[in-house]
Amino acid sequence: MVGIDIGSNSVKVVELARKGGNYQLENIGESMLPSGAITGKSVSRGDVVSGAVSNLVSRIGIKAKRVVIGISGEAVASRIVSIPRMFLRKDMEKLVPDLVNTNLSRNISGVNYSYTPLFPRNGRSKEVPVLIAAVSKKTAQGYKSSVSSAGLRARIVDIDAMALSNAYAVSSAVRGEKVALVNIGASVVNLSVLDDGIPLILRDISLGGQWVTLRLMEKFKITYEEAERIKCSIKGYGRYEDITSIFADFAAHAADEIKTVLDESGGGLARVILSGGSSRIATMAHTLGEATGVPVESSNPFRNIDVSDSRFDPEYIQHLAPKMAVAVGLALRGL
Ligand SMILES: Nc1ncnc2c1ncn2[C@@H]1O[C@H](COP(=O)(O)OP(=O)(O)OP(=O)(O)O)[C@@H](O)[C@H]1O
Ligand SMILES: [Mg+2]
């Protein structure tokens, strides 16, 4: 199955197959998007996005047409609510529109909504946690059209924070642990807090590495592309202190916002697993660890997935891995 993660900074594709009891990497790739193709987590330039998707899937040799895509940011609202077990059997369909209205403050007519009961292991309680999610129809349509113009069909539209949780379930789940998954991208932080694999919080914060790009552009009077280049490899540019102080400001600001959400989960986190391109910003992991008092690890979504050394350069995979957690989770969702 193919997962396509259309981010503000790049399109990421992962194709996984199930061989015996194992998952296997079939294809992987990334294609950068120019500034303005995705704005505010909505597709602004459908032609540019579909061109990038189409070039990428043909370059890496993906033949499948059915794909899973993900959405995050303000177009998505989700909450976990407790529902009496007896309602799940018969009344849920009737209840959901009301739940979306009251819990997610979304007008039913403008969103696609869904509900997923999250049955805890050994759970026999009268109430069951249920994930209700609503996605703006207009935003979802923008993403779906971009993949359909590339000759593909979005079979499932997932939410990125849920995809992160699915990637964790395969790559690093530890029975009984309470964990936070934090994916820091270009314009959004996807956050998922799980307790023994069951989501407690799925949330997006509108903040990402573009904040740094914009500061660099302002400070040095440079283009978006130059600022992106400097960010990813600051060696040789000079003005090292100016750059690292912008990095430090971002890390402090992001850590603060992330901590506010994590505090809602009531403590007891065993670890934070960090992913996304902006998790590479120097001091990000350290600053987040200091702010939360929880050990921070870097995500490797390919742990427990067979990756052939002869087909894929291990260095390339290692380089891409932290950025690929959402795409891996999307591909897993379709298997
Ligand atoms: N080595 C690096 N150091 C600092 N920042 C980096 C590095 N590599 C990538 N980034 C930044 O990470 C961001 C891209 O990360 P990612 O691919 O996770 O985002 P995205 O999925 O495209 O965006 P979003 O999900 O927020 O819409 C960009 O802002 C990029 O500049
Ligand atoms: Mg992303």
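What follows is a chat about the sheets and helix contacts of a predicted model.

Q: What should I know about the model before we start?
A: It is predicted: local features need pLDDT of at least 70, side-chain atom pairs count only at pLDDT 80 or more, and totals for chains, interfaces and linings use all residues. Residues are numbered from 1 along each chain as its sequence is written, and chains are lettered from A and ligands numbered from 1 in the order in which they are written.

Q: OK, the six-strand sheet. What's the strand order?
A: The order is S10-S6-S1-S2-S3-S16, in an open sheet with mixed pairing. Strands (E, at least two residues) and helices (H or I, at least four) are DSSP runs, numbered from the N terminus. Two strands pair if DSSP finds at least two bridges between them.

Q: And which strands stand at the edges?
A: Strand S10 (153-159) and strand S16 (305-306); each has a single partner strand, so one side of each is left without a neighbour in the sheet.

Q: How many bridges between S2 and S3?
A: S2 (residues 10-19) and S3 (residues 22-32) pair over 10 bridges, in the antiparallel sense. As one example, Leu 16 has Leu 25 in S3 as its bridge partner.

Q: Which helix packs on that sheet and touches S16?
A: H5 (residues 160-171), which also touches S3, strand S6 (66-71) and S10. The direction of H5 makes about 85 degrees with that of S10. Contact here means C-beta atoms, placed from the backbone, within 7 Å. Axes are lines fitted to C-alpha atoms, for helices over the stretch in contact, and angles run from 0 to 180 degrees between N-to-C directions.

Q: What does H1 lie across?
A: Helix H1 (residues 46-60) lies across strand S1 (2-6), S2 and S3, and runs at about 135 degrees to S3.

Q: How does H1 cross H4?
A: The axes of H1 and H4 (residues 137-149) come within 8 Å and cross at roughly 50 degrees. That makes H1 oblique to H4; angles under 35 degrees count as roughly parallel, over 145 as roughly antiparallel, 65 to 115 as roughly perpendicular and the rest as oblique.

Q: Which residues meet there?
A: From H1, Gly 46, Val 49, Ser 50 and Val 53; from H4, Gly 142, Ser 145, Ser 146, Val 147 and Ser 149. By class, the contact has three nonpolar, six polar and no charged residues. Ala, Val, Leu, Ile, Met, Phe, Trp, Tyr, Cys and Pro count as nonpolar, Asp, Glu, Lys and Arg as charged, and the others, Gly among them, as polar.

Q: Switching to the five-strand sheet. What's the order?
A: S13-S12-S11-S14-S15, again open with mixed pairing. Strand S13 (198-205) and strand S15 (296-298) are at the edges with a single partner strand each, so one side of each is left without a neighbour in the sheet. The twist averages 20 degrees from one strand to the next.

Q: How do S11 and S12 pair?
A: S11 (residues 178-184) and S12 (residues 189-195) pair in the antiparallel sense over seven bridges. Lys 178 has Asp 195 in S12 as its bridge partner. H5 packs on this sheet, touching S11, S12, S13 and strand S14 (271-275), and makes about 50 degrees with the direction of S12.

Q: Last one: how do H5 and H11 cross?
A: The axes of H5 and H11 (residues 325-333) come within 7 Å and cross at roughly 80 degrees. That makes H5 roughly perpendicular to H11. Residues in the contact include Ala 163, Leu 164 and Val 170 of H5, and Val 326, Leu 330 and Arg 333 of H11. By class, the contact has nine nonpolar, three polar and two charged residues.

How values were computed. Contact = placed C-beta atoms within 7 Å.
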